[in-house]
Amino acid sequence: MKKTTAILLTAGILLGTAATAYAEDGTGSDSQQTVNAETTADIQVNGTLGADNTDPEATIPEEDSNWINVTVPTKTIFYNTVNDTNISAPAYTILNNSGRPVTVTANGFTADGTNPSLPEDFTLKLDVTGTAQNVATTASTNLISDGTIVSSLNAPLITLANNRNQLQSSDPEAAAVNNTATFTYSGSATALSQINVNYTLNLKFDAVSWN
């Protein structure tokens with residue numbers, strides 16, 4: 001089941017290889033037959049009803065979006081105070097439930113409607129942390145710089161292992177650790193009074209091929 005693919009960020013500035021796996025789905029060169037001087041051909045048909053994308057041996061084509069099964073928050077927050085310009089935020093989790101590794105990309109950051117005038121020194125960053133064995137591809141991504149949203153955001157954040165801790169099909173199965181990353185927000189702004197702002201952070205998910 002495909003999970004949430006975008007995070008609604010509401011922020012108050014208080015600124016404050018399986019035997020028949022569809023990695024072998026019949027499209028490879030070793031799965032072709034040439035019919036020569038014959039009038040018929042038999043083609044094997046293998047189907048799966050209700051394919052389970054948490055099972056690494058599921059018969060789902062490689063890189064198909066049906067492999068995506070990721071849990072993310074629906075809302076996140078950040079804040080600071082009039083006495084402290086540094087922005088704080090909780091730590092949030094991205095969890096890959098899929099039978100395939102998944103690459104997570106920050107694909108967009110947009111204002112929801114019209115926000116009030118922002119401090120010119122307002123900066124906001126998305127900070128991602130993986131594990132000791134699976135570090136973030138991009139540890140820190142600028143979202144807002146000098147009060148202006150960074151345009152054309154396309155930052156690969158991390159590739160998460162599958163739910164059996166595998167980044168490649170040859171990796172041994174293990175208790176899932178590297179299928180999780182955390183993220184938070186940092187930055188700073190000078191606010192003389194409370195300002196409420198709202199943004200949407202869009203995350204893109206790509207299933208990684210076993211091949």
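**Close-up 1. Glu173 and its salt-bridge partner in the predicted model.** Glu173 is exposed, at a relative accessible area of 52% (exposed is over 50%, buried under 20% and partly exposed in between, with a 1.4 Å probe and protein chains only). Salt bridges with shared partners join Glu173, Arg164 and Asp55 into one network (a salt bridge is a side-chain nitrogen of Lys or Arg within 4 Å of a carboxyl oxygen of Asp or Glu). The side chains of Glu173 and Arg164 meet at 3.0 Å, N to O. This is a predicted model, in which local features need pLDDT of at least 70, side-chain atom pairs count only at pLDDT 80 or more, and totals for chains, interfaces and linings use all residues. Residues are numbered from 1 along each chain as its sequence is written, and side-chain values use heavy atoms, with hydrogens and water left out.

**Close-up 2. The salt bridge between Asp55 and Arg164.** The N to O distance of this pair is 3.9 Å. The pair links distant parts of the chain, 109 residues apart: Asp55 lies in the loop between strand S1 (6-13) and strand S2 (70-71), and Arg164 in the loop between strand S11 (155-160) and strand S12 (180-188). Helices (H or I, at least four residues) and strands (E, at least two) are DSSP runs numbered from the N terminus. Asp55 is partly exposed, with a relative accessible area of 28%; Arg164 is partly exposed, with 28% relative accessibility.

**Close-up 3. The salt bridge between Arg100 and Glu62.** The side chains meet at 2.8 Å, N to O. Arg100, in the loop between strand S6 (92-96) and strand S7 (102-111), is 38 residues apart from Glu62, in the loop between S1 and S2. Arg100 is buried at 1% relative accessibility, and Glu62 is buried with a relative accessible area of 15%. The salt-bridge count for the model is 4.

Close-up 4. S8 (residues 123-129) and S9 (residues 140-145) pair in the antiparallel sense over 4 bridges (two strands pair if DSSP finds at least two bridges between them). Leu124 stands opposite Ile144 in S9. In S10, Ile149 is the bridge partner of Ile144. S9 and S10 (residues 148-149) are antiparallel, with 2 bridges, and form a hairpin with 2 residues between them. Asp146, in the turn, has a positive phi of about 50°.

**Close-up 5. Confidence along the chain.** The mean pLDDT (the predictor's confidence in each residue, from 0 to 100) is 89, and 88% of residues reach 70 or more. Over residues 1-23 the pLDDT is below 50.

Note on methods:
Contact means heavy atoms within 4.5 Å.
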